[in-house]
Amino acid sequence: MKRVGFALRSSLASKDVYLQADAVRAMGEAGPTAADAIPELLRILRDPRSTLRDDVIRALGRIGPVASAAVSDLLAIVKEGDISLRAAAAIALGGIGQPPQEVARALIRALQDADQQVRDAAVQGLGAMRPLP
């Protein structure tokens with residue numbers, strides 16, 4: 001798995017957007033075992049020119065609580081921007097769920113969003129959160 005993980009992380013830095021997209025999706029499928037790729041996924045997410053931001057957001061949500069370093073970026077996205085990115089960020093925040101109070105507050109605010117897609121995603125994100133201990 002380490003060789004595969006290294007190859008996928010290397011692919012995230014590729015100039016080939018299709019190879020990058022495949023690597024991003026594979027990281028999401030790997031779940032928490034892809035934690036080492038979070039810094040590179042955040043680099044892609046923070047690039048406003050990236051066409052992979054939606055895929056990265058979904059991957060971070062699938063990686064789960066170990067992707068809590070992405071929460072501040074996702075909180076900013078869920079508040080403003082493209083509708084599909086806001087919706088994806090709401091779902092991803094639910095998948096990460098850390099810190100729970102901050103994430104829950106953001107998702108509850110998203111329930112009031114002007115767009116139905118974002119409101120639906122906020123419901124899905126809240127449903128994905130793990131119960132407080």
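Me: What does Glu40 touch, leaving out residues up to four places away in sequence?
Reply: Glu40 touches Leu12 and Ala13. Contact here means heavy atoms within 4.5 Å. By the way, this is a predicted model, where local features need pLDDT of at least 70, side-chain atom pairs count only at pLDDT 80 or more, and totals for chains, interfaces and linings use all residues. Residues are numbered from 1 along each chain as its sequence is written, and side-chain values use heavy atoms, with hydrogens and water left out.

Me: What makes the pairing of the Glu40 and Arg43 side chains a polar contact?
Reply: The two side chains come to 2.5 Å. A polar contact is a pair of N or O atoms within 3.5 Å; within protein, one must be able to donate a hydrogen and the other to accept it, and residues adjacent in sequence count only if both atoms are side-chain atoms.

Me: Where is Glu40 found?
Reply: In helix α3, residues 38–45. Helices are DSSP runs (H or I, at least four residues), as strands are (E, at least two), numbered from the N terminus.

Me: Why is the meeting of Arg25 and Asp22 called a salt bridge?
Reply: Because the term needs a side-chain nitrogen of Lys or Arg within 4 Å of a carboxyl oxygen of Asp or Glu, and this N to O distance is 3.5 Å. Both residues sit in helix α2 (residues 17–30), three residues apart, so about one helical turn separates them.

Me: How do you know that Arg25 is partly exposed?
Reply: Buried means under 20% relative accessible area, exposed over 50%, and partly exposed in between (1.4 Å probe, protein chains only). Arg25 has 42%, so it falls in between. Asp22, at 49%, is partly exposed too.

Me: Which other salt bridge does Arg25 make, with Asp55?
Reply: One with an N to O distance of 3.3 Å. That pair links distant parts of the chain, Arg25 in helix α2 and Asp55 in helix α4 (residues 53–63), 30 residues apart.

Me: What ties Arg86 to Asp113?
Reply: A salt bridge, with the closest N and O atoms 2.7 Å apart. Arg86 lies in helix α6 (residues 83–96) and Asp113 in the loop between α7 (100–110) and α8 (116–128), so parts 27 residues apart in sequence are tied together. Both Arg86 and Asp113 are buried.
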